[in-house]
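Please read them alongside the sequence and the coordinates.

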Amino acid sequence: MNTLTQNIQTIPLNHYIILCAIIFAIGVTGVLIRRNAIVIFMSVELMLNAVNLLLTVFSAYRGDATGQVFVFFIMALAAAEVAVGLSIIVMIYRNTNSLDINVLNRLKH
Amino acid sequence: MRAKDFVIIQMSLFYFIAFLSILFALLVIFSKNPVHSVLYLILTFFTFTIHYILLNAQFLAVVNFIVYMGAIMVLFLFVIMLLNLNKDTEPVKKAVVKIASVVGGGCLLATIVASVKALGISEPVVLKTADLGLVKHLGKVLFGEFLLPFEVSSLLLFSAMVGAVLLATKDKSNA
């Protein structure tokens, strides 16, 4: 395994940054174009994962394990966030019988 | 000769997996059925796991596999099945709003890419310490330097669990 991964590192750092930027932008676009609350939530997960990958890349690039520990904490936080967020979505569905976020405009009044 | 072939194979593997990540991420946000979105999201997370393995971050690869592809995706699928949303009856936004959103996302991407180009760093990612992402090394850092945040995160997970149970149970007094 070590010999396998020592040879691989010929990919420029820029390509990793651009890959993560593309995935992050896709997540932002997903939040903007969809009206289903669950799909919006999934787009947020996409953005979180893009940032996780970039942190890992920089951690490997700098030779510093702190970045990977941060990614571990972000994953624990994402699990908590998903649990609370999905229960809020279930509550919204019980109260309004739909997952359309435009229904939540009512919160203004 | 053999090492050079190896490098070429692994570079092309990276670009192939990167292409798959972007493709599945696009499919997540553009598929009409929420169940299909979740399944494409699982595939996206799987490609991310392969990226972690390519970076020799084995611990993160396993955690990503278990936490994201196991726990979080099961949670998403359960909620979708529970709410009986596996049908294509989602109201869609107006075309103008959609085009504006895509343009907005593209502008964000263009800004980031342009700033990366302006930065002009393009050295390859070289693993200075090969065993950086192994459990043995990460465990020492996690339970040494980051012991307090680790314990606090257990508190966070506990409060999230209590909050989720509190929110998702039916309110008997109102019903």
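1. The area buried between chain A and chain B, meaning the accessible area (1.4 Å probe) that the two parts lose on being put together, summed over both, is about 7,900 Å², with carbon and sulfur atoms giving 75%. Helices α1 (2-8), α2 (13-33), α3 (37-62) and α4 (66-96) of chain A each give two or more residues to the side that touches chain B, and α4(A) gives the most, with 24 residues; helices here are DSSP runs (H or I, at least four residues), numbered from the N terminus.

2. This is a predicted model, in which local features need pLDDT of at least 70 and side-chain atom pairs count only at pLDDT 80 or more, whereas totals for chains, interfaces and linings use all residues. Residues are numbered from 1 along each chain as its sequence is written, chains are lettered from A in the order in which they are written, and side-chain values use heavy atoms, with hydrogens and water left out.

3. In terms of contact (heavy atoms within 4.5 Å), 79 residues of chain A meet 86 residues of chain B. Between the two chains there are zero salt bridges, a salt bridge being a side-chain nitrogen of Lys or Arg within 4 Å of a carboxyl oxygen of Asp or Glu.

4. A search of the whole structure finds one salt bridge over all chains. The side chains of A:R35 and A:D100 form a salt bridge at 2.3 Å, N to O, and this pair joins the loop between α2 and α3 of chain A to the segment after α4 of chain A, 65 residues apart.
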